[in-house]
Amino acid sequence: MSRKTEIVEALITKLREDGLSANFTISELAKAVDIGKSTIYEYFSTKEEILVEAIRIIFTDSITSILERDVNIVGEFKPVLYEELKFIFNIALSNKFIMTIVSPEFRNSVPNELQEIFKETMRNVARHYEERFKNIFEQGIKEGIIKHENIEVNGMLIASLITGSIIRYFNSSSELLKPIAVDVYIDAVYDAILKIAN
């Protein structure tokens, strides 16, 4: 591993432990990698440059598991859709960075070059999931579980339901809200999808 990578990895570790809003110093990073503070400046011009690289890596790694899923779906509608919902919820719950990074507040607070990376990556994810869910719902239509009428409008409503449900569930860990078991929540989302689709 190169020194530059070690420096970025040290910051990623700190961000994973303390959150994306964590403060850090160049001295802390230098100590974590066992180098002098001035050595860091041989690889990076500013502290912000290190942060941008760390966030870019976190974001890219987080999204990779989504984009690696094949868009072609094989299987019966209900188990495939349920498994997909479970996968999406688990991604959001196990990687809190994604939920923070995709929030408009965070995206607007980072440098322009990162904003462009985020926008393009999110467009890729949206296109990927449009194709993936199109295949899932085509299977539902073939099985007679979903009606073909208004599938475009219903598809947009369903996409909003899924996205909103993930955000709501992710944010339900506050002290004011009693969290619901993820399987119970996914069952409710699945039932709501069927109501919208029919």
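**Exercise 1. A charge over a ring**

Over the ring of which residue does the charged end of Lys4 sit?

*Solution.* Start with the criterion: NZ of Lys or CZ of Arg must be within 6 Å of the ring centre and within 35 degrees of the ring normal. The charged end of Lys4 sits over the ring of Phe44, 5.3 Å from its centre. Lys47 gives another case, as it lies over the face of Phe24 at 4.8 Å from the ring centre.

A note on the model: it is predicted, so local features need pLDDT of at least 70 and side-chain atom pairs pLDDT 80 or more, while totals for chains, interfaces and linings use all residues. Residues are numbered from 1 along each chain as its sequence is written, and side-chain values use heavy atoms, without hydrogens and water.

**Exercise 2. The fold in outline**

*Solution.* Next, burial: buried means under 20% relative accessible area, exposed over 50%, and partly exposed in between, with a 1.4 Å probe and protein chains only. Of the 198 residues, 38% count as buried.

**Exercise 3. Helix lengths**

Check the end-to-end distances of helix 4 and helix 5 against expectation.

*Solution.* The expected span is 1.5 Å times one less than the number of residues. Helix 4 has 21 residues and should span 30 Å; its end C-alpha atoms are 30 Å apart, which agrees. Helix 5 has 18 residues and should span 26 Å; its end C-alpha atoms are 25 Å apart, which agrees. Now look at their buried residues. Those of helix 4 include Ile55, Ile58, Phe59 and Ile66. Those of helix 5 include Phe77, Glu84, Phe87 and Ala92.

**Exercise 4. A contact across the sequence**

Locate Ile101 and find its distance to Phe59.

*Solution.* Ile101 is in helix 6. Ile101 is buried, with a relative accessible area of 1%. Phe59, a buried residue of helix 4, is 42 residues from Ile101 in sequence and 7.2 Å from it in space, C-alpha to C-alpha.

**Exercise 5. Aromatic pairs**

How many aromatic pairs does a search of the whole structure find?

*Solution.* Rings of Phe, Tyr and Trp (its six-membered ring) pair if their centres lie within 6.5 Å; planes under 30 degrees apart are stacked, over 60 edge-to-face, the rest tilted. The search finds five pairs. One of them joins Phe77 and Phe137: 5.7 Å centre to centre, 55 degrees between the planes, hence tilted. Phe77 lies in helix 5 and Phe137 in helix 8, so the pair ties together parts 60 residues apart in sequence. Both are buried, Phe77 at 0% relative accessible area and Phe137 at 9%. Phe77 and Phe137 also belong to one aromatic cluster with Tyr129, Phe133 and Tyr190.

**Exercise 6. The largest pocket**

Describe the volume and lining of the largest pocket.

*Solution.* On a 1 Å grid over the protein atoms alone, a pocket is an open set of points where a 1.4 Å probe fits, with protein on both sides within 12 Å along at least five of seven lines; lining residues have an atom within 4 Å of a point. Volume is the space filled by probe spheres set on the points, which are joined across faces, edges and corners. The largest pocket holds about 1100 Å³. It is lined by 33 residues, with Ala126, Tyr129, Phe133, Ala159 and Thr163 nearest its centre. Helix 9 gives the most, twelve residues. By class, the lining has 24 nonpolar, five polar and four charged residues. Here Ala, Val, Leu, Ile, Met, Phe, Trp, Tyr, Cys and Pro count as nonpolar, Asp, Glu, Lys and Arg as charged, and the others, Gly among them, as polar.

Conventions. Helix = DSSP H or I, 4+ residues; strand = E, 2+ residues; numbered from the N terminus.
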